[in-house]
Amino acid sequence: MACEFEIIVSGEDRQGLIDIANLALDEIERLDETLSRFRPTSEVSFLNAEAARGPVIVGPDLFEILRVAKQVWRETDGAFDVTAGPLVDLWREAEQTGNPPGRQAIGEALKNVGMARVLLDDQTHAVTFDTQGVRIDLGAVGKGYAVGKAASILMEYGVESALVSGGKSTIQAIGSGWNVGIRHPSKLDERVAEIALHDQAMSTSGGPAQRDRDIEERFEHIIDPVTGMPARSKAASVSVIADDAMLSDALATAFYLRGRELAKRFPEVRAIFVPFE
Ligand code: AMP
Ligand code: MG
């Protein structure tokens, strides 16, 4: 998933905890191999190549992610959309060339975007695309899922106090007493807030959260799937605190695009909008 994962465990049995943390890291590695669309051998790459030709039966992780992704897509009026892949590619290319894509290219890409084009069969776990060019991109939710899965493993083995983080953009606490910071929008070493997490996850979209300090971006990497244009967020970053790490990850991306109006519709999560300076 092109990012570093980190696990902090605390407790008595040092070697036992290290072994359990390694199991959780192995699971993250396995998920990365499954979910990355940049690995030609991943399950997502197979799905992207085959699902327009006919139903593809996928494993439990990918099916669960797609099921939740479709639900969040509905609940966010399409702001969160894992089929934004073709648009993400266009703007990623633009980042390299320096030239924004033309209207026509965006229009073409939009024809292949929309979670309605992804058909999910709850009984058989078959996934079918109803259009040839659909491309699933789990960049906005895969890290959250992997963090959540790693935390579940730690809990299954009886770990009562731990922190799991993925690329600094999603972090999940097991137990209480974990304080995590939200970075200043431009001063990378400063925090604008400190949040106490109790068995909760926090994800951040936008801002410097998941960027290296020496990377300059010309175009936002979060794309509005309705217009095909990069996000024009009113906030420098958005952090979402939820019980589930996949949900916090997905909603942070959606709230970054749609702002507080959308966040108000999710009373079960907390959202922190960091304004531009
Ligand atoms: P995040 O950092 O979690 O907000 O995820 C951003 C990544 O998700 C981008 O780099 C794209 O790979 C992908 N993405 C971009 N726009 C969207 C969108 N509107 N919905 C879902 N995924 C997106
Ligand atoms: Mg996200």
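Because the model is predicted, local features need pLDDT of at least 70 and side-chain atom pairs count only at pLDDT 80 or more, while totals for chains, interfaces and linings use all residues. Side-chain values use heavy atoms, with hydrogens and water left out; residues are numbered from 1 along each chain as its sequence is written, and chains are lettered from A and ligands numbered from 1 in the order in which they are written. Helices (H or I, at least four residues) and strands (E, at least two) are DSSP runs, numbered from the N terminus.

**The magnesium site**

- Let's start with the metal: the magnesium ion (ligand 2) is held by A140 (O), D249 (O), D249 (OD) and T253 (OG1), at 2.1 to 2.6 Å.
- A donor here is an N, O or S atom within 2.8 Å of the metal (3.2 Å for Na, K and Ca), and since water is not among the atoms, sites may look incomplete.
- Along the sequence, the donor residues follow the spacing A-x108-D-x3-T.
- D249 and T253 both sit in helix α7 (residues 245-263), and because they are 4 residues apart there, about one helical turn separates them.
- An α-helix has 3.6 residues a turn, so residues three or four places apart point the same way.
- D249 is buried, with a relative accessible area of 7%, and T253 is buried too, at 9%.
- "Buried" means under 20% relative accessible area, "exposed" means over 50%, and "partly exposed" is in between (1.4 Å probe, protein chains only).

- Helix α1 (residues 14-35) has 22 residues and should span 32 Å at 1.5 Å a residue; its end C-alpha atoms are 31 Å apart, which agrees.
- The expected span is 1.5 Å times one less than the number of residues in the helix.
- Buried residues of α1 include G16, L17, I20, A21 and A24.
- The cover over the buried residues of α1 includes β1 (5-9), α2 (43-50), α3 (60-75) and α6 (142-156).

**How the helices pack**

- Two packed helices are described by the angle between their axes and the distance between the axes.
- Axes are lines fitted to C-alpha atoms, for helices over the stretch in contact, and angles run from 0 to 180 degrees between N-to-C directions.
- Angles under 35 degrees count as roughly parallel, over 145 as roughly antiparallel, 65 to 115 as roughly perpendicular and the rest as oblique.
- α3 and α7 pack at about 15 degrees with axes 11 Å apart, so they are roughly parallel to each other.
- On the α3 side, E64, I65, V68, V72 and E75 meet M246, L247, A250, L251 and L262 of α7; contact means heavy atoms within 4.5 Å.
- α6 and α7 pack at an angle of about 160 degrees, with their axes 7 Å apart, which makes α6 roughly antiparallel to α7.
- G142, K143, G144, Y145, V147 and G148 of α6 make that contact with A245, M246 and D249 of α7.
- The axes of α1 and α6 come within 9 Å and cross at roughly 150 degrees, so α1 and α6 are roughly antiparallel to each other.
- Residues in that contact include I20, A21 and L23 of α1 and Y145, A146 and K149 of α6.

**Single residues to look up**

- S237 is found in strand β10 (residues 235-242) and is buried, with a relative accessible area of 3%.
- Leaving aside neighbours within four places in sequence, S237 is in contact with T204, S205, G206, G207, Y256, I272, F273 and V274.
- K168 has a positive phi near 65 degrees, though it is not a glycine.
- K168 lies in the loop between β5 (162-166) and β6 (170-174) and is exposed, at 63% relative accessible area.
- D199, another residue other than glycine, has a positive phi near 50 degrees.
- D199 lies in the loop between β8 (191-197) and β9 (201-206) and is partly exposed, at 45%.
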